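Try each task before you read its solution.

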Amino acid sequence: MAKVLVDLKNICKSFDEMEVLHDFNLQIMENEFVTLLGPSGCGKTTLLRMIGGFDSPSSGEIYFDGKLLNGVEPNERPINTVFQRYALFPHLNVFDNVAFGLKIKKLPKDEIEKLVMDALKQVHLEDFAARKIDRLSGGQQQRVAMARAIVLKPKLLLLDEPLAALDRKLRQDLRYELKDMQRSLGITFIYVTHDQEEALTMSDTVVIMNEGRVLQIGSPEMIYNEPETRFVANFIGESNIVDGQMIKDNVCMFEGVQFPCTYKGFSKNEEVDIVIRPEDFLIVDKDKSKLTGVIDSKTFQGSIHEINIIDIKGTELTVHTTKDYPLGLEVGLIVDPENITVMKKPGVNVYSGVMEADQMVRISDDIILETDSELEEGTEVVVRILTQDVLLDDIDESDFEGIIQDIKKRDMYYDVYIKTGDKTIVSSTSKVHRVGETTGIWVKREKVIVNVEEDVENE
Ligand code: ATP
């Protein structure tokens, strides 16, 4: 069975009171190629720096091979890092750049020679040992940086966007080289990128991050084919995401048309998000499908045509085909049940609120919560609280109380609907509660997400 090499437990990190990683948990197995993928600023580099020892968590533990790493100096960790800027020594040649770490370790000369030449072979630079760094191309410099990192035979290699500075063609070639190298060396790689193509082509496991949290962990195929949220579906590739309903087990409806699908266990007529990849729609004769539309625009993208179709409800659907179709043609669209992804609507409570003094936000007369927001008193805001962050407890221990109005069973938990004054708040919990019960409700202050209204685009 695979062994856990890195175990990140409840990692929180704040800079100047701003929390950039929230209760982050992740296990990385030995010999795994794991990619942290997410938009700029989501905390990927911060996480990598903490594993490397260049920064420390505000709270939480990092274990390596079962041993606590917190407080261990970077050079005492069995870990090496390759940065986006390779930080090579320009005055040294290729050999001496790669040999640098080994010389510091004071290894015998002939051993250094053997190890360096082996590492250069790995990166296909064995004929460049005597070359000055500034006489190398960008791709070759990146290979030297890789050789310098692997020559020390770390158990874990951290790679922070190592290909970002290279042109597209070179990036594509190096992707495969990196993956091959990881396999042949048997080193665990943690790779940071915001390029989804890179993540999908190289990794065993992809961790999708946003705003300092893990949104989904899975194989590239799982993440691509079964995105769990709208954010993941959007981020990981071009998708059609439309509102829909689950009519019953194995039947969903979107754009007013029912389709067979592979999903079960939703409530009858539950509102859902439906995801269909552009390559999964098939264009057919308009009489062959109830979902019809008109070809509105198209672009040729080298190997495929991207065709935008305005459907019967006025929604724009994007289709990729190898065949060209004329503009204005009325067509039908079909999709294989296997290629329809049904996602739960994200469990989030959204309210309007007003900031009060001392970082409190008022949602109603009954609900006034502590927040981390420093917005001025009187500012009108939108408050978001994930249903999983709404905790139910004794009334004495809680921020406010309410009466349970309804309970919906989900796959692995219950959604509990609680009425407090004129507001309803939903809590996702694994504990069993009863309708009619009065319960205390509390939310950790850092889980109360406050935005000024124009900041909230995607609600
Ligand atoms: P990118 O893809 O742009 O590199 P990232 O996902 O790697 O982004 P991080 O560099 O980890 O993101 O940054 C996460 C957040 O932490 C950002 O809001 C950033 O401004 C902030 N941050 C990072 N380092 C510091 C620091 N030393 N002091 C203050 N804030 C920081």
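**Exercise 1: a residue and its core**

Task: Leaving aside neighbours within four places in sequence, find what M146 is in contact with (heavy atoms within 4.5 Å).

Solution. Step one: the contacts of M146 are V82, V123, L157, L159, L178, M181 and F189. Step two: know your source. This is a predicted model, where local features need pLDDT of at least 70, side-chain atom pairs count only at pLDDT 80 or more, and totals for chains, interfaces and linings use all residues. Residues are numbered from 1 along each chain as its sequence is written, and side-chain values use heavy atoms, leaving out hydrogens and water. Along with L120 and L157, M146 touches the most other members of the largest nonpolar core, which has 37 residues. A nonpolar core is a set of buried (under 20% relative accessible area, 1.4 Å probe, protein chains only) Ala, Val, Leu, Ile, Met, Phe, Trp, Tyr and Cys residues joined through side-chain atoms within 4.5 Å. Step four: the largest share of this core, six residues, comes from α4. Helices are DSSP runs of H or I, at least four residues, numbered from the N terminus.

**Exercise 2: helix α2**

Task: Which residues in α2 are buried, and what covers them?

Solution. Step one: V94, F95, N97, V98, A99, G101 and L102 are buried in α2. Step two: their cover includes α3 (109-122) and α4. Step three: check the start of α2. There, a side-chain oxygen of N93 comes to within 3.2 Å of the backbone nitrogen of F95. Step four: just after α2, K106 has a positive phi of about 60 degrees.

Definitions and conventions. Buried < 20%, exposed > 50% of the residue type's maximum accessible area, 1.4 Å probe, protein only. Helix = DSSP H or I, 4+ residues; strand = E, 2+ residues; numbered from the N terminus. Polar contact = N/O pair within 3.5 Å; in protein donor to acceptor, adjacent residues only side chain to side chain.
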